[in-house]
Amino acid sequence: MENLAENRTAYTDLEPATDIPNENHYYLNMGPQHPSTHGVLRVLLEMDGEYVVDPQPVLGYGHRMQEKMAEHKNWMAFMPNTGRMDYAAALPYNHGYVALFERLCGIEVPARAEYIRVITSELNRIVSHHLWIGAMLLDMGAFTPILYTFDDREQVLDILEDVTGSRLTYCYFRVGGVCKDIDDKFVEKTRAFIKRQRERFDIYNKLVTGNIIFIKRTEGVGVISPDMARRYGVTGPVLRGSGIAYDVRKNEPYSVYPNFDFEIPVGRNGDSYDRYMVRLLEIEQSLRIIEQALDQLPEGSFLGKAPKKMKMPTGDCSFSVEAARGELTYYLVSGGGDIPYRLKIRVPSYSNLSVLPELCQGMLLSDLVAAMGSMDLVIPEIDR
Amino acid sequence: MNNRGYFGELWFGAKSLLIGLNVTIKELFRPIVTVQYPREECEITPNYRGHVELVFNTETGGCDCIVCGMCAKACPSDCLVVKGEKKEGEKRKSLTLFSLDFTKCSLCGSCVETCPKGALDYSQDYNIAGFTREEFHYDLIERLERRHQQPLAAAAGGN
Amino acid sequence: MPPELLRMIIAAVLVVAFVFLNAMILGYMERKVSAHIQRRPGLMEVGPHGVLQLIVDGLKLIGKQLVVPEGSNKFLFRLAPVLSFAPCVLPFVVLPFARKLQIVSMDISLIFILAMTSINVIAILVAGWASNNKYSLFGTFRSVAQAVSYEIPMLLSILSIILITSTFSLQGIIAAQKYYWFILIQPLAFIIYFISGLAETNRAPFDMPEAESELTAGFHTEYSGMGFSFFFLAEYANMFTVCSIATVLFLGGWKGIPLPLGDYTGIFWFMLKVYGLLFVMIWVRWTYPRVRFDQLMTFCWKYLIPFSLANLLITAVLVKLI
C-alpha cells in the first residue's frame with residue numbers, strides 16, 4: 001500500500017502545478033480528449049507563448065493489461081487480443097504472434113499459407129498508411145484527403161473482409177497457417193486494387209505532396225537525426241525517414257519476404273516531409289510485393305498440421321516482424337504447459353513516441369501537431 | 001531547404017495551389033462513393049464473420065450439437081454456455097441451453113473452428129444495436145427456432 | 001409615422017432576415033459542396049436533399065443552453081456574440097444589390113463597410129479573453145494579429161480602384177465600370193483582395209483563430225447554443241460582405257445582361273457573382289491544409305504588401321498619365 005501511495009504522488013507531479021519553473025511559462029493540457037491526439041494520448045505542454053518548451057506525454061489512458069492477459073490464458077486464447085493493440089494494422093500483429101509459436105515449437109507452415117500471410121499483411125500495411133495520410137492531413141487542417149484515402153482504404157477493407165471475415169481487428173492467422181484460403185476472386189480483386197491504387201497516387205501527389213502549404217508545413221519540421229533515432233530505438237517509417245534503411249523484412253527476413261524484390265525507401269533529412277514520403281513510397285513497395293506474391297502464389301494447403309492442444313517447450317523465444325509502424329517483437333518465456341509465463345510485446349509506437357519530448361522542444365504548437373501526426377502514433381498500441 | 005528564390009517560390013506555390021484546386025473541382029462532379037446507410041445497404045460478403053449461430057441441419061430438422069463443450073472451452077472470453085442433459089433411453093446428451101454473451105465476444109472464431117461437428121457458423125447479421133446489455137445475451141437455440149419457425153426436432157432427440 | 005422611418009424599419013427587418021437566410025444558404029452550400037468534393041452525398045435527411053437541415057440546426061442551437069464557464073468574465077462572455085453579430089449586419093445597409101435596391105446611399109459607403117467589418121476583431125478578442133480558456137486565448141492572439149496585418153494589403157488593393165474611380169460610393173464605383181469590369185485592368189488587386197478577404201474572414205487556409213486540430217475550436221471553444229450561432233452567423237455575414245465588395249469593386253456589381261425591370265432585377269446578377277465568389281471560398285477551404293501562423297504573416301508582409309504597394313504605385317502613375 002505504501003508503494004502505491006508513493007506512485008500516486010509521483011503521478012500527480014505531472015499535473016499542472018503552481019511551481020512552474022519560469023513565471024512566464026504556463027501549462028497547456030493537450031488531451032486526453034483533443035482533436036489531434038487521435039485517441040487518448042495526453043501531452044502536457046509547458047508553453048512560452050505559442051512555443052512549446054517541454055512536452056511530456058502522459059500515457060496509460062487506454063491501458064488494457066494485454067501482456068498480463070497473455071499470462072492468464074491458453075496461448076491460443078490470446079490470439080484475438082493481438083489484433084486489438086494496433087487497430088490500424090492488425091495482421092502483422094497476428095503474424096508475429098503465430099510465428100513466435102511456430103519458431104518455439106518448430107512447426108512447419110505450408111508455402112501457400114506464408115504467401116497468403118504476406119499478401120494480407122501488406123494489404124493491411126497499405127490500409128494503415130491510407131489511414132495515416134488522411135489523419136496527418138486532418139491534423140494540418142485539410143479535410144478532404146482523408147476522404148479520398150478512405151475511399152481507397154475501403155477497397156482494401158472489402159478485399160480483406162472477404163477473406164478474414166472482419167474489417168479492422170483481424171484474427172486471421174493460425175499457428176501453422178491461416179484460417180481461410182484465398183480464392184480467385186480475391187486474386188482478381190487485389191489485382192484490380194493494385195491498378196486502381198497506382199492511378200490514385202496521382203491525386204495524392206497533386207493534392208498533398210506537391211502542395212506548397214503542405215511542403216512549408218512539413219519541410220524542416222520535426223527533424224529526427226539518425227543519431228537521435230538510434231538513441232530512442234525508433235523504428236519503422238520514422239527511422240527510415242531519418243535515412244537509416246532498417247526494415248525487419250530485409251534485415252532479419254521472416255516468412256517468404258526473401259523471395260520478393262522490393263526496396264526500402266529512406267528519407268534524407270528526417271523531417272516530417274520525409275516521413276510522409278517514406279510512407280507514400282512504401283505503399284508502392286507493398287503493391288510490388290503483393291504483385292509478385294500473387295504471381296508466385298503456390299498451390300497447396302493453407303493450414304498445416306498443428307497440434308490442437310499444444311504444449312510449449314520450456315525456454316524462451318522471440319520473433320520480430322515489421323508492423324506498419326515499425327519493428328514489433330514478441331518475446332515469450334515459457335515454463336511449459338499451454339499458458340505463457342511471460343509475454344513481452346515490444347511495440348513500435350511506444351519507442352517512436354519517446355522521441356517527442358526532445359523532438360518538439362522549442363516548436364510552435366502547430367508544428368507539434370504536424371510533427372506528432374507524422375509519427376503515426378496509435379495510442380492503444382502504446383498503452384497496450 | 002530549397003533554392004527557388006523569391007519569385008520562383010511564388011510561381012511554384014501558385015502553380016501547386018491551382019493544381020490542388022483542379023483536383024477538387026474534378027472530384028466535385030464525379031459520382032458519390034458512399035451509401036446512405038439506413039436507406040441503402042451495402043452488399044455484405046458471405047464470408048463476413050458476425051456472432052456465432054447454430055447451424056440448421058435440414059436432414060434431421062435440428063442442430064448437430066453434441067454438447068461436448070469444446071467451443072465453450074476454446075472461447076477466450078468465456079462467452080458461451082452450453083448445457084445438455086441425458087434423457088432416458090438416449091445414447092447422447094441433448095442440447096438444452098446454448099447461450100452467447102455477445103458483449104464479451106471478440107469474434108475470433110475459435111469456437112467455430114474447434115467444433116467437431118460443424119454445428120456452429122457465423123451469422124451475417126451486422127445491424128446490431130440495442131439499449132441494454134441484456135439484449136446481447138443471445139439464446140442461440142431460440143434464435144435457431146425463430147429462424148426456421150419451428151421447434152427443433154433434434155433438440156429433443158439429439159440422434 | 002414618417003415614410004422614411006417606416007422604410008428604415010422595413011429595411012432593417014429585411015436585412016436581419018437576409019443575414020439569417022444567407023447563413024442558411026451558405027451553411028447548406030458549404031456542407032453540400034464539401035460533401036461532393038469528398039464524394040459523399042452530404043445533407044440528405046431533412047427535406048429533399050436536406051434543404052431544411054439548416055432550419056432544424058438553427059432550432060437546435062436556439063434550444064440549447066448557453067453554458068457560461070466557471071471563472072470567466074460573465075458580462076464580457078455574454079457580450080461578445082452580440083458584439084460580433086451587430087456590426088456584421090450594418091454593411092448590408094449600404095450594399096448596392098441593384099441600381100435602386102440600396103437602403104442607404106452614402107458617399108463613403110466603402111469606408112463605412114470596412115470600418116464595420118473591423119469591429120469583428122474586437123468581438124473575437126472579447127470572446128477569447130472572457131472565456132478563461134487557454135485555447136480560446138490562443139485563437140484570439142492569432143486572430144488579432146492576423147486581422148490587423150491583412151487589413152493593410154486589403155486596403156491597398158482597394159485603394160488602387162479608388163484611384164481610378166475617385167469615389168468611395170459603391171454605386172459610383174459600379175457606374176465607373178461602364179465598359180469593362182475592373183478585374184480586367186486590376187487582376188493583381190483582385191487576387192490580393194481575395195486572399196486578404198480569406199484571411200479577414202478567418203477562412204481556411206487562414207483559419208488560425210479556429211484551427212480545430214490545434215486549438216479545438218479557438219475563440220468560440222466555450223460557446224454553445226445561440227452564443228455559438230451568433231459567431232456562425234457573423235462569419236457567414238462577413239464572408240458575404242467581403243465577396244460583395246469584391247463584386248462591386250472588380251466584377252461590375254449588379255451589372256450583367258439586362259433583364260426587365262433592370263433597376264431591381266440587377267440583384268440577380270449581384271447575387272450570382274457574390275455566391276460565385278463564395279463558392280470559390282468554400283472550394284478553397286476544402287482543398288488546402290492550414291498554413292502555420294508565422295507563414296501567414298510572412299506571406300502577408302513579404303508577398304502581399306510589396307505587391308499591392310507596387311500595384312498601387314503603377315496604378316497611380318498610369319492614372320496620372322492617361
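**View 1. The lining of the largest cavity, to which H5(C) makes the largest share, five residues.** In this predicted model, local features need pLDDT of at least 70 and side-chain atom pairs count only at pLDDT 80 or more, whereas totals for chains, interfaces and linings use all residues. Side-chain values use heavy atoms, without hydrogens and water, residues are numbered from 1 along each chain as its sequence is written, and chains are lettered from A, and ligands numbered from 1, in the order in which they are written. The largest cavity has a volume of about 120 Å³, and among the 15 residues that line it, Thr117(C), Asn120(C), Glu200(C), Thr201(C) and Asn238(C) are the closest to its centre. At least two lining residues each come from helix H5 (109–130), helix H6 (134–165) and helix H11 (225–250) of chain C, helices being DSSP runs (H or I, at least four residues) numbered from the N terminus. The lining divides into seven nonpolar, seven polar and one charged residue, where Ala, Val, Leu, Ile, Met, Phe, Trp, Tyr, Cys and Pro count as nonpolar, Asp, Glu, Lys and Arg as charged, and the others, Gly among them, as polar.

**View 2. The largest pocket, with about 1200 Å³ of space.** Of its 37 lining residues, Leu10(B), Ala14(B), Leu17(B), Ile195(C) and Phe299(C) are the closest to the centre. H1(B) gives the largest share of this lining, 10 residues, and the lining as a whole divides into 28 nonpolar, four polar and five charged residues. On a 1 Å grid over the protein atoms alone, a cavity is a set of points where a 1.4 Å probe fits but cannot get out, while a pocket is an open set with protein on both sides within 12 Å along at least five of seven lines, and lining residues have an atom within 4 Å of a point. Grid points are joined across faces, edges and corners, and a volume is the space filled by probe spheres set on the points.

**View 3. The packing of H9(C) against H13(C), at an angle of about 145° with the axes 10 Å apart.** Axes are lines fitted to C-alpha atoms over the stretch in contact, and angles run from 0 to 180 degrees between N-to-C directions. In H9(C), Leu188(C), Ala189(C), Ile192(C), Ile195(C) and Ser196(C) meet Phe299(C), Leu304(C), Phe307(C), Ser308(C) and Asn311(C) of H13(C), contact meaning heavy atoms within 4.5 Å. The residues of this contact divide into seven nonpolar, three polar and no charged.
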